Amino acid sequence: MVELSNITKQHGSQVLFLDASMKVNPGEKVGLVGANGAGKTTIFRMILGEDRPDEGSVERPKRLTLGYFRQDFAEWRARSVLAETIAGAGPLADLGEELVTLEARLGDCDAPDYDAVIERYGEVQAQYSERGGYDLDARARSILSGLGFRDEEVDGPIGALSGGWRMRVQLARILLSRPELLLLDEPTNYLDIESIVWLESWLRDYPGAVLMTCHDRDVLNRVVRKVIEIDGGKFRTYTGDYDAYERARVLDAAQREAEYEKQQAMLEKELRFIERFKKQPSKASQVQSRAKKVEKIEKIEPPRRIVERTFGFRKPDRSGNDVLALKSVGKRYGNRSIHQGVSLMIRRTERWAIMGENGAGKTTLLKMMASALVPDSGEVVVGASVGLGYYAQHQMEQLDGTNSVLEELEAHAPRAGMGILRQLAGAFGFSGDDVDKPISVLSGGEKARLALAKMLYDAPNLLVLDEPTNHLDLTTKRALVKALSDYEGTIVFVSHDRAFLRALATRVVELTPEGPRVYEGSYDEYVKTVGREAPGLRA
C-alpha cells in the first residue's frame, strides 16, 4: 500500500533517516515509535506528499485515500459540531450539500433550467444513496457519541467548544471519512478513558490500514499488530503488539551488543598481531594479509543504548495522618449542581484516583482540594504540616515566555545545582540544547512538561494532579511513574492513562449522580469489582 524505500532525509545538520525502508500493507494496524525528534511527523508528511526524501522513494497508489489526524489542527468554521463532522466525509459531503441546493431549486418550476435541475438531482441522489449518504448523519452521531459528545453538544455550535473538544471533532471528521489509510498522530491526547476504549474498538474493527503514534501503551497493545521503530536513522519492524515489541527489542539489542563485542575482540586481536610483527620481515606476508582483512571488514556500528530517564524527588517533610478532609462539600455552576454533600477523608501516603463520566466534576473536585476553587457549601480541611503541590493543564500559561527552559527552572529553584536542574529537565524531555529553547517557542506539550517539572521538584507532601501524563511520551511516563511510586507523600489524581492508574492508585473514588463511591484497592481491583474500565462504560 505505502512503501518508503531506501530514504535519506536531513534537516540542517541532523540526519533523520539514512537509507531506511519501511512498508504498510492494506488493512495493517501499525504503531510508529521513536524518541522525540526521531522523525515520526516527517514520515507522515512524506506519505501525504507534503515533504520529500533527499534520496530514495515514497510509493503509494495514486488513488489511495488518506486521513491525517494531527496535533496542530486549529481550523474550524462557524457551524454545528455535526455539520463540521459531516464535512469531513469529503466528496460524499459535497454531494449532500449539492443535493440540498438542488432540492431548493426544484421548488421553482418556472426556472429556464428546470429540466436540467431535475436530471442533475436524479444523478446526485443516485450517487449519494449508493455511497451511503443517507446513513451519514447516523454514522456521524455515533462517532461523536463514542468520542464523548452529548446530544445537545452534537447539534450545538463548534465555536462553543474548548480546544480539546474541537480536536475531538477533527478526529471524528477523519473517522467518518473512512479512508484506506489512517494516519493518527497521538489521537488519545484529548480523550477520556471511555472515549479511548471506544476508539480502540473502532480501530480494531476498521477494515482500512492504520499508522499511528501513541503514548498510551494500552491502546498500542490493543490496536496494533506491527511496530515500526525509528532508531538511529533506520527503521526496525517488529511483529506483534507493543509489549511484544519491547521484548523483541531487548533481545535484538543484546544480540547487536554481542555481535559488536565479538567483532571488536577479533579486530583487537588482529591489530595486536599487526603491531607486534609489522617490523619482522619473516612475518611481512602475514601482517599484510591481516591488514587487508581488517581493512575489508564491514565494521559494526556501536549499538545505540536506550537511556531511561530517571528523577528522584527530594524527601518531603512528613505530614499528619489526616491529610485532607472534605466535609459535606457542594458546588454549583448556575442552575447545575456539580457536587452535593461530598465527604471524603484522605490519609497519609494514600494514592486516590478520581474517576467519573464527562461532566461529573473531576477537575472541579481537584480544584476545591487544592484551594483553587471555593466550595459553595461545606468545607475542605487541610491537615497538619501539609504542603500542597497542584498541577493542572492551565499552569503552562504561568511560565515566563522570555526565559529559556533552564532559566525558568533556575528561577524556580535558585539553590539547585546546574547538574540537578539539567537532570530534571532531561527527565521531562528537555535534553541537550533543548534546555536553551525560549519558552515562547515551546509547544503546548513542552510547556505542560516544564510546568510539571517545576512542581514536582518542590516535592510537597501532598500532590493534586489533573491529567499529569498528557503529552508525555512513554519513556517520560515511566520515569514519572517510578518517581511517584518511590514518593513518600500523598497523591490525589485524575488520569485517562490506564497504565498510570494501574501503577499508582491504592484507592479509587467514582463520582456518580448519587455521590462518590469509594473502592478500596488498586485500579485493577476496581475494574474487577465493577466489570468496566471507566464509569461511563457498560459492564
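Predicted model: local features only at pLDDT ≥ 70, side-chain atom pairs only at ≥ 80, totals over all residues.
## Overall make-up

Residues are numbered from 1 along each chain as its sequence is written, and side-chain values use heavy atoms, with hydrogens and water left out.

Taken along the principal axes, the C-alpha atoms fill a box of roughly 105 × 80 × 50 Å. Of the 539 residues in the chain, 50% are buried (under 20% relative accessible area; exposed is over 50%, partly exposed in between, with a 1.4 Å probe and protein chains only). Looking at contacts (heavy atoms within 4.5 Å) with a separation of 6 or more, 67% come from residues 24 or more positions apart.

## Surface and charge

The accessible surface comes to about 26,600 Å², and 48% of that belongs to carbon and sulfur atoms; the areas come from the Shrake-Rupley method with a 1.4 Å probe, and for residues only the protein chains shown count as cover.

As for charge, there are 75 positive and 81 negative side chains, with the centres of the two sets 8 Å apart. Lys and Arg count as positive, Asp and Glu as negative, and His and the chain ends are skipped. Each charge is placed at NZ of Lys, CZ of Arg, CG of Asp or CD of Glu.

## A three-stranded sheet

Now for an open sheet of three strands, ordered β2-β1-β4 with antiparallel pairing (two strands pair if DSSP finds at least two bridges between them). Its edge strands, β2 (14–24) and β4 (55–59), each pair on one side only. From one strand to the next, the twist averages 25°.

Strand β1 (residues 2–11) runs antiparallel to β4, joined by four bridges, and Thr8 sits opposite Glu55 in β4. Helix α1 (residues 40–48) packs on the sheet and touches β1, β2 and β4, its direction making about 125° with that of β1. Axes here are lines fitted to C-alpha atoms, for helices over the stretch in contact, and angles run from 0 to 180 degrees between N-to-C directions.

## Met418

Met418 is found in helix α14 (residues 418–427). Its relative accessibility is 37%, so Met418 counts as partly exposed.

Leaving aside residues up to four places away in sequence, Met418 touches Leu406 and Glu410. Leu406 is twelve residues away along the chain, and its C-alpha atom is 8.6 Å from that of Met418.

Definitions and conventions. Helix = DSSP H or I, 4+ residues; strand = E, 2+ residues; numbered from the N terminus.
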